[in-house]
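Let's take a walk through this structure together, one piece at a time. Have a look at the picture first, then read on.

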Amino acid sequence: MSRFPFRLAAALLAFVLAAPAFAGKTLDTIKQRGTINCGVSTGVAGFSAPDSQGNWSGLDADTCHALAAAVLGDAKKVNFVPLNAQQRFAALQSGEVDLLARNTTWTLTRDASLGFHFTTVTYYDGQGFLVPKKLKITSPKQLKNAEVCVQSGTTNEKNVADYFRAQNIKVKTVVFEGFEASFKAFFAGRCQAYTTDVSGLAGLRNKEAKNPDDYVILPDLISKEPLGPLVRRGDDEWFADVKWVIYALIEAEENGLTQANVDEQKANSKDPVVQRILGTSEDTGKLLGLDKDWAYRAIKAVGNYGEIFERNVGPKSVLKLPRGANNLWSKGGLIYAPPVR
Amino acid sequence: MSEGGGMSAPRPTSASGEGPTSPRSRVAIVAWLFQALLLLALVAAIAWMVSNTLAHLRERGIHAGFDFLWQPAGFEIGESWLSYESSQPFWRAFVVGLANTVRVAVPGIVLATLLGTLIGLARLSHNLLLRALSTAYVELLRNVPLLVQLLMWYFALTELLPASSDALQLAPGVFLSKSGLSFPWWEAGAFEWPVASEITISGGASVTPEFLAVLLGLATYTAAFVAETVRAGVQSVSSGQVHAALSMGLTPRQSLRYIVMPQALRVIVPSMTNQYLNLTKNSSLAVAIGYPDLVSVANTALNQTGRAFECIAVIMAVYLLLSLLTSALMNRYNARVALRGGG
């Protein structure tokens, strides 16, 4: 009973037997199929997690909902495919999913050697450490000889090795294949620290810990983790669609368009920028292979970027993360979209 | 399918005892021709699949090849008997993973054999309690998925052991905690003693809960199958042999040692090979509970490099090699205990 990840095997088989090239056809396939196959995590609070009815929510899930609204006219027409860290790349390469919106870090290796294009950053994260309060640790530098629990198949594993090597501190990593097993071992006391992206740590602390106040997230970040959706290379039209749906949500926030006022703005706004976004003056959709209401539908379905952030990971959500680097560029953050023009 | 691994060449049975020009030898030639054609077709199919795959990978801008094995791995491996650090190349990491697999498989096989043999014999005992207990053991362990058992062992160990910050000192320099069992070890020309600090134990050597859970899980699970194999082997020896031995004045223990076991081994050894192969292959489940075996290391490598094909190929090749090695050893042992002369 050797356990072999079925999905990975299927994806590899797809390479062996695949019919030649399907470049440029993703949008047509999606329209024909009537749903978007969206690769997500197996459950990361705030980014992509199913509720008890099997409805997916989170920042990544909302990206897919917005895309479905823009492309297919119905935000619900998303087929969420949960993928673990190991399966995700093969699933996108083989065409099992149309895009991967799975809190995936944008790195050179992934961008340049796996046959992918990262579209844009939807969340600026950084890797940190979660430690039990009673150990009175205030900096990762105090973790000398400690054991650190981490999930395999992530950039976190390599960052932690790099960081402690640079600091000349010896730590022991305990690497788990599954996310569940890794944090359960940590909360059972197997490790003195748990490491992943800070957004993930917040989710763990606030959702999985018996008593969140027994744990603290160390303020030091040891890496940059820009997270965002990615698509296969060779289909520039689809690449552009994903990028611009996200940009439209950011533009919407910049221009004060919200889920609540978008109808009223569409009917009455005299602002040329707003008119262009909502397709009342120019038809920007034609250039993307979509219709002119594409951005309107996306905003109507999930709200602007700020609303998505607040709802899923913001101070009022279970993750309680500050807007920080993920605020608009005009408000001191890094979120910036080229103009819809 | 009692023997694993070994391949034997097809033997043309129809040609035996016939002259070179007889019609039956012509049939044999045709048979050989067919086999050769089949082999050729198989090779061609594989070659096509490989070239097709490579073409597709290239087309989609995916880098392929084993060149990455010589690049620095960049990740740490939690425990190992071989020295390793993250600046060493990927192939070294794979070797460390392989060593960890062997480190858990070999003691696992020894433990499973000892425990399994005892339980198998207990199932044939005249003592009702012993028989009932061993039957219960076999049925329970055999019918619960191994992964569940491994997780149970692991979480039982990590829950029950004291926290690393207040480790239990069993003897001077020997600590038991959630970090495992730490003890003094010969390191760089001197004995290094474990030291308890405020957050954890450092120095010396340690047996981690991950290793212990994998070892215990594999050994107890496989022991259930070994027990059944042993019981079947002993029962395959006809009862007349035992009666004869006892009437010759041998004690029950002597009859087991000199009469029953040598004959039972002929039945036991081939299917025991399968159990050993299974144990080694099942050790790949260790990845679920954080033990850095070959699969765990390969998974990490796969994700750092994105070379899914190559990493899976390495895993397959290594397990195949381990399995062939195990069956070669067991086949040699089997030849020693098998009946001489007979077929």
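Among the contacts in chain B with a separation of 6 or more, what share comes from residues 24 or more positions apart? Such pairs account for 61% of those contacts. Keep in mind that what you're looking at is a predicted model.

**Chain B as a whole**

Chain B has nine helices and eight strands. Its radius of gyration is 26 Å, while the globule rule gives 20 Å for 343 residues, so chain B is more spread out than a compact globule. If you box in its C-alpha atoms along the principal axes, you need roughly 85 × 75 × 40 Å. As for burial, 38% of the 343 residues of chain B count as buried.

**A hairpin in chain B**

Now zoom in on strand 1 (residues 168-171) and strand 2 (residues 174-177) of chain B: they run antiparallel and are joined by three bridges. One of the pairings puts B:Ala171 of chain B together with B:Val174 in strand 2. Two residues sit between the strands of this hairpin, and B:Gly173 takes a positive phi near 85 degrees there.

**Where the chains meet**

**A sheet in chain A**

Over in chain A there's an open sheet of five strands, in the order 10-9-11-8-12, with mixed pairing. Which strands are at its edges? They are strand 10 (172-176) and strand 12 (215-217) of chain A, each pairing on one side only. On average, neighbouring strands of this sheet are turned by 30 degrees against each other, ignoring direction.

Strand 8 (residues 127-132) of chain A runs antiparallel to strand 12 of chain A, and three bridges hold the two together. In this part of chain A, A:Leu130 stands opposite A:Ile217 of strand 12.

Helices join in too. Helix 8 (residues 198-208) of chain A packs on the sheet and touches strand 8, strand 11 and strand 12 of chain A. The direction of helix 8 makes about 125 degrees with that of strand 11 of chain A. Helix 7 (residues 179-187) of chain A lies across strand 9 (147-151), strand 10 and strand 11 (193-197) of chain A, and runs at about 160 degrees to strand 9.

Note on methods
Residues are numbered from 1 along each chain as its sequence is written. Chains are lettered from A and ligands numbered from 1 in the order in which they are written. This is a predicted model: local features need pLDDT of at least 70, side-chain atom pairs count only at pLDDT 80 or more; totals for chains, interfaces and linings use all residues. Two strands pair if DSSP finds at least two bridges between them. Helices (H or I, at least four residues) and strands (E, at least two) are DSSP runs, numbered from the N terminus. The radius of gyration is taken over C-alpha atoms; the globule rule is 2.2 Å times the number of residues to the power 0.38. A residue is buried if 20 or more other C-beta atoms lie within 10 Å of its own, exposed if 12 or fewer, and partly exposed in between; C-beta atoms are placed from the backbone. Two residues are in contact if their C-beta atoms, placed from the backbone, lie within 7 Å. Axes are lines fitted to C-alpha atoms, for helices over the stretch in contact, and angles run from 0 to 180 degrees between N-to-C directions.
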